Amino acid sequence: MTKRLWTVLLVGAMALASVGCGGDEEGSASTGTTAQAADDTVDGPVLVFAAASLTDAFGEMKTSFEADNPGAEVQLNFAGSSALREQILEGAPADVFASANGSNMDAVVEADQVSGKPDSFVTNRLQIAVPPKNPGKVKGLADFANEELLIGLCAEAVPCGDFGREALANADVKASVDTNEPDVRALLTKVGADELDAGIVYVTDVKAAGDDVLGIDIPKADNVVATYPIAALAEAPNPDGAAAFTKFVLSEQGQAILADFGFGAP
């Protein structure tokens, strides 16, 4: 009788243990689901090195990304793409690089500093920028050869500088350049301050400047289309953040933000 009782008690205990284990598995599955949901967002600083022409668009991108990832803080570093390239190659901590041209990105790729492959995410075109009242009466690229005008370009090796010189070469114009600026926003600022009669920037910069400058179109035959690549970096301090931000830029939402600021599809 005692043996039978112990058998019944043992079976009951095993049954209870089985139910308990089943409950733990359900709890683990539930916890796992919650953890998976949490994995959809990223935390911590995300260091983004971006071409100066992306200043306004990536400012909006930062706001939207942080709204989707409350634990993240996007830190934006804007400069000419060549300057950003050198900072990265010299070891500056960065998670993402968004360049205004392919050659600067290629140099980072060749140094094994890119995780995966870069993605083309947007395009841009050139436009002449002049002060609102156009005191130099600039009409087109031919006026860049006028030595009586104050003319500015972005420096050589900076994408807007290389593209601007390419457009001038396409138009067979030898420009009389008075200043070479480190990035497109520095050039735009001088034009808007009436310190220059004309400069070559991007259409997106003219749009961002509003009433501070006037844009003059460059004929399609002479113009240059800039294709911008973006990549997460191999030594990113926040690799999850780097991947998430890059994915966001390439997403439908990210592309819509870029379009609102005048950029074209890649």
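How many disulfides does the count come to? The count comes to 1 disulfide, a disulfide being a pair of cysteine sulfur atoms within 2.5 Å. Before selecting it, note that this is a predicted model, in which local features need pLDDT of at least 70 and side-chain atom pairs count only at pLDDT 80 or more, while totals for chains, interfaces and linings use all residues. Residues are numbered from 1 along each chain as its sequence is written, and side-chain values use heavy atoms, with hydrogens and water left out.

**Stop 1: the disulfide**

Select Cys154 and Cys160. A disulfide joins them, with 1.8 Å from S to S. The angle about the S-S bond is -105°, and the link is left-handed. A disulfide is a covalent bond between the sulfur atoms of two cysteines. Cys154 has 0% relative accessibility and counts as buried; Cys160 is buried as well, at 4%. Here buried means under 20% relative accessible area, exposed means over 50%, and partly exposed is in between, with a 1.4 Å probe and protein chains only.

Ala186 is partly exposed, with a relative accessible area of 22%, and is found in helix α6, the next stop.

**Stop 2: helix α6**

Select residues 184–192, which make up α6. Helices (H or I, at least four residues) and strands (E, at least two) are DSSP runs, numbered from the N terminus. Which residues of α6 are buried? They are Val184, Arg185, Leu187, Leu188 and Val191. Seen down the helix axis, the buried residues fall within an arc of 155°, so they line one face of α6; the arc is that of the directions from the axis to the C-beta atoms. An α-helix has 3.6 residues a turn, so residues three or four places apart point the same way.

Move to the start of α6. There a side-chain oxygen of Asp183 reaches to within 3.0 Å of the backbone nitrogen of Arg185. Past the other end, α6 is followed by Asp194, which has a positive phi near 65°.

Stay with Arg185, which is buried at a relative accessible area of 18%. Its side chain makes a polar contact of 2.7 Å with the side chain of Asp205. A polar contact is a pair of N or O atoms within 3.5 Å; within protein, one must be able to donate a hydrogen and the other to accept it, and residues adjacent in sequence count only if both atoms are side-chain atoms. Leaving aside neighbours within four places in sequence, Arg185 is in contact (heavy atoms within 4.5 Å) with Ala52, Ser53, Thr55, Asp56, Asp205 and Ala208.

**Stop 3: the aromatic rings**

Select Phe58, Phe65, Phe121, Tyr202, Tyr228, Phe245, Phe248 and Phe263, which ring pairs link into a cluster. Rings of Phe, Tyr and Trp (its six-membered ring) pair if their centres lie within 6.5 Å; planes under 30 degrees apart count as stacked, over 60 as edge-to-face and the rest as tilted. The count comes to 7 aromatic pairs.

Zoom in on Phe65 and Phe245. Their ring centres are 5.4 Å apart and their planes at 70°, so the pair is edge-to-face. Phe65 lies in helix α2 (residues 55–68) and Phe245 in helix α8 (residues 239–250), so the pair ties together parts that are 180 residues apart in sequence. Phe65 is buried at 1% relative accessibility, and Phe245 is buried at 0%.

Tyr228 and Phe263 form another edge-to-face pair, 5.8 Å centre to centre with 80° between the planes. Both residues are buried.

**Stop 4: the nonpolar cores**

Which residues of the largest nonpolar core touch the most other members? Of its 63 residues, they are Leu54, Phe58, Phe121, Phe144, Phe245 and Leu258. A nonpolar core is a set of buried Ala, Val, Leu, Ile, Met, Phe, Trp, Tyr and Cys residues joined through side-chain atoms within 4.5 Å. The largest share of this core, 6 residues, comes from strand β4 (residues 119–130).

Finish with another core, which lies apart from it and has 11 residues, among them Leu84, Ile88, Ala94 and Val108.
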